[in-house]
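Please read this report alongside the sequence and the model.

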Amino acid sequence: MRYRRLAVLIAASLTPLALTAPTAQAATPAKPYDFNGDGRADLAIGAPAATVGGNKRAGAVSVVYGSSSGLKPSSYKVITQNSAGIPGTAQSDDEFGRSLASADLNRDGYADLVVGAPGEDVDEGTIVIVWGSKSGLSGGRTLINHDERGNDRYGQAVAAGDFTGDGMPEIATGTPGFYGLNFVSGPFTRTGDFGGGNGGSLAYATRPYSESYGIEYLSTGDVTGRGFDGLVVHGREKDTDDAVTTLVDGSIGNFTDWLVTLPSGYVSSVGDIDGDGYDDVAVGNHREASGDPAGAKGGRVSIRYSGPDGVDTSRAPLSLTQNTAGVPGTAETGDAFGSGVSLGDINGDGYADLAIGASGEDSGAGSVTVLYGSASGLTTKAAKTYTQNTAGVPGAGEKSDRFGSRTSLRDHSGDRRAELSVSAPGENAGDGALWSLRGTATGPKTSGAVSFGPSATGVSTSGSPRYGSVLGG
């Protein structure tokens, strides 16, 4: 296995703070995005360009709760920095909702929401924890920034999980700057001190990360099958804008000693495609090969299968384009295949399936392609593409809708089958919209599909909010 060493800073600004006594903990922590503890995942929809209180690009997040019939848009919570109990004040260019993550941070049986606002205070940035409860999300606190002098645009990327295997959650943050990857350790409480923090730099990796772009995207999952999370880290290569992606194993040297090179891309998702107990990694690269050496005509998605040591080097990466045998469609310049990727079990067979967005398809109308997991890995058998022109899917595909910009596969109904949620931030001249299709034994069901825009869930359409630019859940 090929590892790359991280350069580390543990400076005075990053020294651990005193811990508070942990609150009473639930026997089993809630799964991510189950904010009200009903066993169904909820969906967080980011609109970082939303106008709030007359402030352009202040940003908002709508949370739509799950129900026995799937997502229920009439049951929602809109969160801004003007919401009661949420720290801060909505100001222009805050970009609240630019990044989203979830975990049961205080171990009370309800998942909590982590929201990044990298534009806060003229690009200093901030991160807010919003607490889950039996009645849903309410109240919050600001996540400490252990390195305020070094971390601009704090909250550009966030992830939450147990990255060290100690049974306690951590929050990972990505920023521009030399020390672009930072961690805050649990336990997390509604009041009192935070745990320790540390930070690392990828500036000396074989493919060093650009400090100006910083860490742009994070995803997480149990790639080693040891019961805790690895971290997939996305940025740009130094002196270029080419994608560079690595896997960080936080159990080795407390986040700071080793990383593994992955296929390069801009987004990723983690899930167990072949049912072997190790979460696999899907990486999306929507760019053309002329713009990024790891891209391809129309875009590319790469799969790395995992094993006990993380990436399984005995299995070659799987590369998928719209010219791959069995994948519907044809690769065309600008399709942006791989603009959104998500892994989840749509048909309830125990294998994670893959939803791939191609937001540039048909002059930006967009599409989503679903491929299925199996014991031998991802298969193109029964693969299908969905657009707004597919029978049963509400709406009509139009230029620049960007349907498929982001995708999400989570069980919003509690039937152990993931719903397919798809965003189109360009819908209605930049208002944006969200679609959700129920999972069934034969794949996503278009009949009864749910579609809604920002107005339905409390977000202003003033100034093109681009609702669905970010999906959490």
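## A threonine and its surroundings

The backbone nitrogen of G265 lies 3.1 Å from a polar atom of the T245 side chain. The model is a predicted one, in which local features need pLDDT of at least 70 and side-chain atom pairs count only at pLDDT 80 or more, whereas totals for chains, interfaces and linings use all residues. Residues are numbered from 1 along each chain as its sequence is written, and side-chain values use heavy atoms, with hydrogens and water left out.

T245 also makes a polar contact of 3.2 Å with H234, side chain to side chain; such a contact is a pair of N or O atoms within 3.5 Å, and within protein one must be able to donate a hydrogen and the other to accept it, while residues adjacent in sequence count only if both atoms are side-chain atoms. T245 belongs to strand β16, residues 243-248, where strands (E, at least two residues) and helices (H or I, at least four) are DSSP runs numbered from the N terminus. T245 counts as buried because its relative accessibility is 0%; buried means under 20% relative accessible area, exposed over 50%, and partly exposed in between, with a 1.4 Å probe and protein chains only. Beyond its neighbours within four places in sequence, the residues in contact with T245 (heavy atoms within 4.5 Å) include Y209, V232, V260, L262 and V283.

## Strands around β12

Strand β12, residues 181-185, is mostly covered, with four of its five residues buried. On one side, β12 runs antiparallel to β11 (residues 170-174), to which five bridges join it; two strands pair if DSSP finds at least two bridges between them. I171 stands opposite V184 of β12, and the hairpin formed by β11 and β12 has six residues between the strands, with G177 in the turn showing a positive phi of about 105°.

Strand β12 is also joined by four bridges to β13 (residues 197-201), again antiparallel. Here the bridge partner of V184 is G197.

## Nonpolar cores

The largest nonpolar core has 19 residues, and V63 and L113 are those with the most contacts inside it. A core of this kind is a set of buried Ala, Val, Leu, Ile, Met, Phe, Trp, Tyr and Cys residues joined through side-chain atoms within 4.5 Å. Strands β4 (60-67), β7 (112-117) and β8 (126-130) are the elements that each give two or more residues to this core. Not counting residues up to four places away in sequence, L113 touches Y33, F35, V61, V63, I79 and V130, among others.

## The end of the chain and the whole

V470 is found in strand β32, residues 470-472, and counts as buried because its relative accessible area is 14%. Leaving aside neighbours within four places in sequence, V470 is in contact with residues including A44, I45, G97 and L100.

The protein has three helices and 32 strands, and 60% of its 473 residues count as buried. Among contacts between residues at least 6 apart in sequence, 57% join residues at least 24 apart. The C-alpha atoms fill a box of roughly 55 × 50 × 45 Å, taken along the principal axes.
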